[in-house]
Amino acid sequence: MELSEAKFTNRQVSITARILLAIMTPALMLSIYRAVALDGALGIVAVQFVLWCILMVTCFERVPLGLRSRVTLVVGVLLVAATGGVIRNQSFQAGVPLAILAVIFLSFIAGPRLKYLIPPVIIGLMAFIAWILGYDNAIALLSHCFSFSGTMIAAIFLFSSLRQRAAEQARDAIDAKNQLELMTTQGDVGLYEFDLEAETFSGNDVWKRWFGFDPAATSIPLEELLGKLSADIVASASQSLATLRDAPIGFQQTLTFDQRHADGLIHTVRLTERKVKRDGHLYVIGSTVDISAETQAVRRAQDLEVRIDLVSRSGGMGMVEFFPDTKTFTCNAEMAERLGLPASDEERSIDLFYAHQPEEIKAFYQQKTAQQLQSASQTLIDFTHPFYLPSGEKRYYRVSRTFRSLGGRMSFLGLSVDVTEEIDKQRQIEQQLSFIDAQNERLNQALDFAGIWLFEENLSTGSGKMLRSQHTHEDDEFLVGPARLAATDEEYRSKITDTLSRMGESVDFPLNFSDSSRKWVRNMTIDEYTDSSGDTVRVQLSQDINDFREQQLALEAAVKALNDKNEKQAQMFSIIGHELRTPLSSIKMMEEAMNLRKIGEYGSNICDATDTVLNIVDDLRTVINPDKAYEAQLVADSPFDVLSRTTKSLEGLYEQQGVEVIVTSNQLAHSLCNFNAQALRQKITNLTKNAAIHADAEKVWVDLQAQLHGDDQIALTLTVEDNGKGIPEALRETVFGAFSRGDTVADGTGLGLYITREIAKKLGGTVEYFDSEKGGAGFKVEFTLDLHLDANEQEQVDAAIPVALQGKHILFAEDQKTLQLLTSKLLKDAGAEVVVCDNGKQALDAFRAGEFDIVLTDLMMPEMSGDELIRHIRADGFTGLVVALTAAIIGKETEQLMEAGADAVLNKPLDIHDMKRTIAGLAMRDAVA
């Protein structure tokens, strides 16, 4: 027992003694009357008086008695009084109440086991005294002993348990309070509570420290707090309190404002407070967090953005980024003004950039682009070029440009400065110095380099001198020789020494000046000679590139922000694709199970609507995350078989549109090839659907021709023609754009032809439009495929497909009930035994309890996701086949599952033929391995 608890218990014993004394005093008076008037037991009365006096002593807390001593005195008084009652009244029951009270007191100081032995000992002792005095009913005596002892033991156990539980709860409350205080102190979070009725505050140490309150203060009046706030904060706080007074229980609000703390500084604080009701009183509880650092960072970022724009405008710096894939560009306000365009962050056609330029300037730009593409990645190039303003005025600009590839998209970042006056001056100087010797010619080379200043360095003495300076950024502290090398960071020194030893090569490095300033410069050695004293002298050019470096860092930060935004968009579309495809997969599987396309007037319409939405989700994958659409696994298949399966799956659509589709091919198109079957299927689907839906045609001809291309390839030509209305000449190129729908009025996303061309490009092929001799539109797709040389292996796979799932024991994890039912039915119909689980955790338990040949799992499930499940079963040593089944087809889910250990990933809804082909192919792979 802790000291504080013992002290508390000692006090309670004293109070209990007072209660006993108050009760025993009239009992003593009655006992005296009984002795005098009735039985003459004056000895018993004397003993009772002595006990009364002892009890009087234990009543007072000032008497220096410890808990054990005080309890012992009280127990002694009670036991003697109980024994006296038995003797005087010749009755066992006369002393039981006092004995019970004595036992309860002894439980305070007795050991954990001894306290349970006290009741039978004391009750047995009293029973023995009663028996000695002549209590003749032994059975009743024993019965009373057992019942009273058992009752007291049970009471002591219950009392001890409750007392221990209360102590544990008190300790837990103290621990929780200490943890909260520690977290708020470390996190510098201020917590407070405001009594709306008493209008007083209480808070933690952080909150009190902010306002300069005494840490020991427990109740702070509202007026005292308001006295520490500025007038505008007081008005805001009063309005906030008025809102909280009128608001319902549970109302919460968050405010952000600046206030002065006890340290005298202005801090930005975010305050969150809620109205609560406790013990019939209304309170406002709140937390405050100092967000000064975050707020200052945001303000600095905004200020930096303004500064960059100001520097670019005041320095006449134009910034532009070209995108060759879309032939578009973006630029800052300075560049937009040069082009005569309004300022905008949107991408604009490259034709607007060249609107006022002759062909030679356009060709010059294209030449520089080609040179940069041939150079190393991220290489920075500089060049100067003429440029015509919308007014017809000819200006000259110096450009620094770099090439980059971000997210698979290539672009050129450029920074240009108007150097017309400098070019004019250089030309004048060149004309005036045409008769000067080679030294002056080298000076002209420095000026052609857009030189800022020129200096000499004596390598023998370590001294130097300035030759020419237009911008005196080092005039106040001119560094040369060892001093210049020592003024830069150590990591650049060897590179500087090596580069400057060769003429015509530049090196960028920072210079640290004695006033703690730092600037980036670009140096180049343009000459080295021996003077009349025999010393080696090196002539160097130096350029201040500090502003350019800062702008480059700002551009990199902007690019990173754009990348982060694109990544978030990709994640959003991944979730949207999953949420759409999951219920649609259930609907499609139910349609197929019910053979809905053949039922009723609207069955076919419902099936087509489902397929349309699923195709839109697939199209969005290609548009939003195109790289994932081109990474499908290569399979061994026949191009003609893919064509046949694709057109057969679309027969319902063709029939609904009233279109006859005629398929032809040559024999070589039936060859087994290694290729992306999904890409070919999507091309055929998009082209034939466009013809059936938008062309107003009666017939569509699909022809697949293959020609040998070397020893191990075939050149494949897919032609789709119709006898419909064709495409107007003005729209023939635009129909290949994303979301372009030409002049059709039929439903559609306008993505089909765009996706077809993009897939063809990624796979090294082409798509072209032509006027069909059949009377309508024609599209020709050309690409090459690798021949599948091991025909025997493919024959074995094809033979294994029909029985791939027969007798297989499959563990299937899927949280969507409808998909559970439909998918498990498909698997069972294919001859498999299926164990269905609602989530990954349930599936892991089932896996560890049984034996399975195949694990088929969804990705997004409660409690445990599919990739976690795969990792666990692979860690458990499972070497069987793992196939992932997911509706999240837009994003990185495929890589996520394959990295976890999946053998293959299939899209929802499950195609049982694809499942069988996958299992057969994987089994063949393992057999070969």
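Are Tyr-769 and Phe-779 buried or exposed? I checked, and both Tyr-769 and Phe-779 are buried. I keep in mind that this is a predicted model.

**Entry 1: ring pairs**

I counted aromatic pairs and got 22. I then looked up accessibility. Phe-364 has 23% relative accessibility and counts as partly exposed. Phe-383 is buried, at a relative accessible area of 5%.

Next I took Tyr-769 and Phe-779. This pair is also edge-to-face, at 5.4 Å centre to centre and 70 degrees between the planes. Tyr-769 belongs to strand β23 (residues 766–771) and Phe-779 to strand β24 (residues 777–787), ten residues apart.

I also traced a cluster linked by ring pairs. Among its members are Phe-322, Phe-353, Phe-364, Phe-383 and Tyr-397.

**Entry 2: helix packing**

I turned to helix α28 (residues 866–875) and helix α29 (residues 893–900). They pack at an angle of about 15 degrees, with axes 8 Å apart. Angles under 35 degrees count as roughly parallel, so α28 is roughly parallel to α29. I noted the crossing of α28 and α29 as right-handed.

I listed the contact residues. Gly-866, Asp-867, Ile-870, Arg-871 and Arg-874 in α28 meet Gln-896, Leu-897 and Ala-900 in α29. By class, I logged three nonpolar, two polar and three charged residues in this contact.

Terms used:
Residues numbered from 1 in each chain as written. Predicted model: local features only at pLDDT ≥ 70, side-chain atom pairs only at ≥ 80, totals over all residues. Heavy atoms only, no water. Axes fitted to C-alpha atoms, helices over the stretch in contact; angles between N-to-C directions. Helix = DSSP H or I, 4+ residues; strand = E, 2+ residues; numbered from the N terminus. Parallel < 35°, antiparallel > 145°, perpendicular 65-115°, else oblique. Left-handed = near helix turned anticlockwise from the far one by under 90°. Contact = heavy atoms within 4.5 Å. Nonpolar A, V, L, I, M, F, W, Y, C, P; charged D, E, K, R; others polar. Phe/Tyr/Trp six-rings, centres within 6.5 Å; stacked < 30°, edge-to-face > 60°. Buried < 20%, exposed > 50% of the residue type's maximum accessible area, 1.4 Å probe, protein only.
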